[in-house]
Amino acid sequence: MGLDQEPAAGAAEDSPEDSPEDGAPARGGTFEAFGDSAETRALLGRLPEVLGDCAARESALQRVRVIMDKYQQQPHLLDPHLEWMMNLLLDIVQDKTSPVDLVHLAFKFLYIITKVRGYKTFLRLFPHEVADVQPVLDMFTNQNPKDHETWETRYMLLLWLSMTCLIPFDFTRLDGNLHTQPGQTRMSITDRILQIAQSYLVVSDKARDAAAVLVSKFITRPDVKQKMADFLDWSLCTLARSSFQTIEGVITMDGMLQALAQIFKHGKRDDCLPYAATVLKCLDGCRIPDSNQTLLRKLRVKLVQRLGLTFLKPRVAKWRYQRGCRSLAANLQASTQSQREARTPVETPDSEEGYDVPEEVESVIEQLLVGLKDKDTVVRWSAAKGIGRVAGRLPQELADDVVGSVLDCFSFQETDNAWHGGCLALAELGRRGLLLPPRLPDVVPVILKALTYEEKRGACSVGDNVRDAACYVCWAFARAYEPQELKPFVAEISSALVIATVFDRNVNCRRAASAAFQENVGRQGTFPHGIDILTTADYFAVGNRSNCFLVISMFIAGFPEYTRPMIDHLLTMKISHWDGVIRELSAKALHNLVQQAPEYSAAQVFPRLLSMTQSTDLHTRHGAVLTCAEVAHSLYRLAVREDRPVADYLDETVVQGLKQIHQQLYDRQLYRGLGGELMRQAVCVLIENLSLSKMPFRGDAVVDGWQWLISDTLRNLHHVSSHSRQQIKEAAVSALAALCSEYYAEEPGKADSTGQEGLVEKYLAELQSPEEMTRCGFAMALGALPGFLLRGRLQQVLKSRHPFLGFPSEDVNLGESRRDPVKAIPRICQTVGVRAEGTPDEVVCKGNVSQIYSTLLDCLRDYTTDSRGDVGAWVREAAMTSLMDLTLLLGRDQPELIEAPTCQRVMCCLAQQASEKIDHFRAHAAHVFMTLLHAAGSAGPTVPHVPHRAELEQLFPRSEAASVNWTAPSQAFPRITQLLGLPAYRYHVLLGLAVSVGGLTESTVSMRLARPLSHSSGFGWAFGLELGQHVSVGLGRALPGLPWGNRVTAQLLSWPQAPRAGSPGRLGEPPPLRRGAQEPGHCGEFLFPARSSAPPCSVSCPRPVLPHLPPPAHGGRPCALGSFPSVCGVSRGGCVSSFCCHVSAGVVLTHSLTLKRCRFSLAGVAQWSA
């Protein structure tokens, strides 16, 4: 429930004089006025013109719907314009010459407007004079209740008729002489209206709702109230005969309940009271609470509360609490003395306190209390409003009993539905002043519990609605009570709202709590540091959960009033939460918060955490271990920052408790099974943080236990579920790096001789494991080892990666085992460092830098696919990142190690990846390319020997690097194709574009085809003959390097298909390829540039253009294609090309070239590829 839906008391609507006609959109997507009045007037005025054109009629209807829907959130802006809109449409309706279809169309438009503004506002604008009664009744004679195309007409007519029922004249005066002819009697207007209302109460469309409104206006007239008994008898009998187990019964019961509720709402109490008990008894016999129809249960609750109000005399309880002025502006202007005056309930005895409350009221209240526990929110909300209305007419003692019954809903034996309904009822009672201040000590603790209410149900939880409703209660209390009434509870309420604002899992609850906190700050003015907190934890800031846990919480914890409550809440509720993300965020939040109260954390938090690590509940145990790791490291950092001994915060008991966590879990075999996955990850985080905290465990057996856990986790990654495998692997690798750096170094930069000298050899041996995940884990582990363990073994480690970085075999096509070694290479290089004249076993130097670059560049050719798709893209992405890290490392430390051919190859391969089809990887390649291009230090560019650096900086200026969206083909390809004008990049860009043609996304493929055709750059790239030749030769060079098959090469050869019968060109499907085919296969039609008047074949071909392409079987002659070379064969059918290297260059056209259709076969291509 949004807290901003409650209008402020006394809020006035904008007047026509205060609002400009052309209202521009204001902040937040709102409007200042109805700015579409001119267009709406034109649409309504053209109704007779569009009637005959079905398309124009539907277009006009749709346009009006679009206009009106814009004002769904601000319907009051339509009020100044409703009258002229209704007059335009009713003029059509009242015109006797208007066609029937035009009348129906006018009513459709009326309904669209009514739907936005609401019928209650629209109702009073209908003409309601005496002369309007008979015409409206006559219109009903032509209506067919079963016509589902014209239900809007019947709906609006019923509303119009209900308005005419308010004329202050007796309807019998309008009947005249009912005996028009002997033996014939005309039906009176009263009977006609009643018959119409009864007939439309049982229809299945929305006219049923309007019929209920008609009944309430008609039956309650003074001259018709004698018919109320007959109508109630008919409606109750119809209700009793109907069953909610059939569709017809549900429709009928809906109409009857609506009509009864409207009658008892609008009718006079004296007229309705004689029938109220009978209606209540009949309603009890219908067993509607057993129905699964939400609407029926809601209408029943609505009718029950109206019956309760009928039993009780209408009065305002003198005992209710009155705050006084409800206007915030008036409160701010009030004097200080008046603000301090206590607003106590009036002690004057009520003159009506002694009147007897009917027995039926007890039944009404009981049913409303049951309605508070209904399974649907709309029923609970209706029951809550009924509780508030009925309690307002009860004596104080009975109303207090009702409050006590509402508080009974907040038992932990009740469901979340009861808690939600109870919160809504308390908010309604408080808002009406019926919850007296003496009851606040009983109510506030309940609301504080509701603010943190959550129950786990299966794989999720319930309670979001309860916490949201509890925020609504706090919001309502801020408006209902004077500050001194809530002053004893300010500390508890403010802390609870801050906790809900920052730490609630649901974004709606966080925003509701923020709104309630804001309302209390404005209305009460007693919340500590309210303005400071509001400016940080506003509506938009609390939308991001991580920002709330890690940033906003840190700011609020700086105020001592909120520090301990926030720490206690995380410790009690959140680190044992069922959602793993919440547990991790809570541990990180406590890492920040404990530094605000270190003594409290050391004395109170750690003992509780250590006991929770042995809990039988998996979530509690996991969250406690994570939190122990974060809190220990946080207190260590605080001690170092303050230059204090760590023992001041972590005494010997705590240190021993932390050391024993692993052994206790191991002894209880809690590393096994599904729960073992969580515990392994948590303990790895614990190992990392305790190592970073320099715990005094050097030489202790616990270090060996930690090492065993890390190695065993990496060795058994294939047993871990896929969704948590990556997280566990990263946690283990990070723990290993911290463990080795702290406990395996005898002195800085030197390995412990008695420690893990064989660790590298063990991990290298694990790289030969048949399990892919094992290889991945240990490859990442080798990359995380500190430099003193890798010294003297660098070449051995680098060579160990070669078997897993090459192209996969047919039976091994797993991408992860090749991706992770690639990721580890730059980490190893950064760890060992760079020294040009060093030895290959010690550092990155001249002796091994070429090997490293060659390994990474070869990985950019990995196009492996499996059932998951292009898994080779993972390897290519990792290789691009590694190339960037390695090149920047060398450029900063030893730029002379970057040779010109190597740099050219790196930049060209990146340009190729930046022109390929997968948006994410293309953007990553472009980012790496731009980073290397623009990287610069104090001495100039970081990366030397970049080919065409000046032209590249002109094409891709630094100022535009961040603004280009490389994931969008429309932005990427116009820029990347400019590289075709640079000779060094042309071949690789064509390779990337050729691979991209095989894409499945039509938009990206079309952009790849369109850009070479239309592109023109500052390099004179107009695709003339000379450059066209370069492109064709480049494609000829590119084809042998492309993967064979329908995905790349075949798609390239079918780009584009020739138009048929003058149709524009389109992408063709690849023809079937047969390896080693001897006969011409399926032929496709392609476009080739050819001179307009040259014969197809004239002279013999001297040699094939493509390398390793066998000469044509029939003897070759080149086509007369100017400077476009080809290899052609002669057949009886004409010019048949066994293979043309310029087949894709056929799209490279200029105005000086014409198109010539050729047919060719792919048999030669298949033979050549084989």
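Author: We begin with a definition: a salt bridge is a side-chain nitrogen of Lys or Arg within 4 Å of a carboxyl oxygen of Asp or Glu. Please keep in mind that the model is predicted. The side chains of D138 and R192 provide a case, for they meet in a salt bridge with an N to O distance of 3.7 Å. This pair links distant parts of the chain, with D138 in helix α7 (residues 133-140) and R192 in helix α9 (residues 189-200), 54 residues apart.

Reader: What is the general idea behind such a pair?

Author: Side chains of opposite charge can pair when their charged atoms come close. By the rule given above, the count in this model comes to 43 salt bridges.

Reader: Are D138 and R192 buried, partly exposed or exposed?

Author: The general idea is to compare the relative accessible area with two cut-offs: buried means under 20%, exposed means over 50%, and partly exposed lies in between. D138 has a relative accessible area of 37%, so D138 is partly exposed. R192 has a value of 18%, and therefore R192 is buried.

Reader: Which salt bridge has both R221 and D223 as partners, and are the two residues buried or exposed?

Author: The side chains of R221 and D223 meet with N and O 3.0 Å apart. Both residues are buried.

Reader: What does the salt bridge between R868 and E816 tie together?

Author: The closest N and O atoms of R868 and E816 are 2.7 Å apart. R868 lies in the loop between α42 (849-859) and α43 (872-893), while E816 lies in helix α41 (residues 816-832), so the pair ties together parts that are 52 residues apart in sequence. The relative accessible area of R868 is 42%, which means that R868 is partly exposed. E816 counts as buried because its relative accessibility is 12%. Salt bridges can also share partners, and in this way R297, D374 and D376 are joined into one network.

Reader: How many residues apart in sequence are A240 and L283, and what is their distance in space?

Author: They are 43 residues apart in sequence, and their C-alpha atoms are 8.4 Å apart in space. A240 lies in helix α11 (residues 228-241). With a relative accessible area of 53%, A240 is exposed.

Reader: How many helices and strands does the protein have, and what percentage of its residues is buried?

Author: The secondary structure comes to 52 helices and 10 strands. Of the 1170 residues in the protein, 54% are buried. Among contacts between residues at least 6 apart in sequence, 72% join residues at least 24 apart. The accessible surface comes to about 51500 Å², and carbon and sulfur atoms account for 51% of it.

Key: Residues are numbered from 1 along each chain as its sequence is written. This is a predicted model: local features need pLDDT of at least 70, side-chain atom pairs count only at pLDDT 80 or more; totals for chains, interfaces and linings use all residues. Side-chain values use heavy atoms; hydrogens and water are left out. Helices (H or I, at least four residues) and strands (E, at least two) are DSSP runs, numbered from the N terminus. Buried means under 20% relative accessible area, exposed over 50%, partly exposed in between (1.4 Å probe, protein chains only). Contact means heavy atoms within 4.5 Å. Accessible areas come from the Shrake-Rupley method with a 1.4 Å probe; for residues, only the protein chains shown count as cover.
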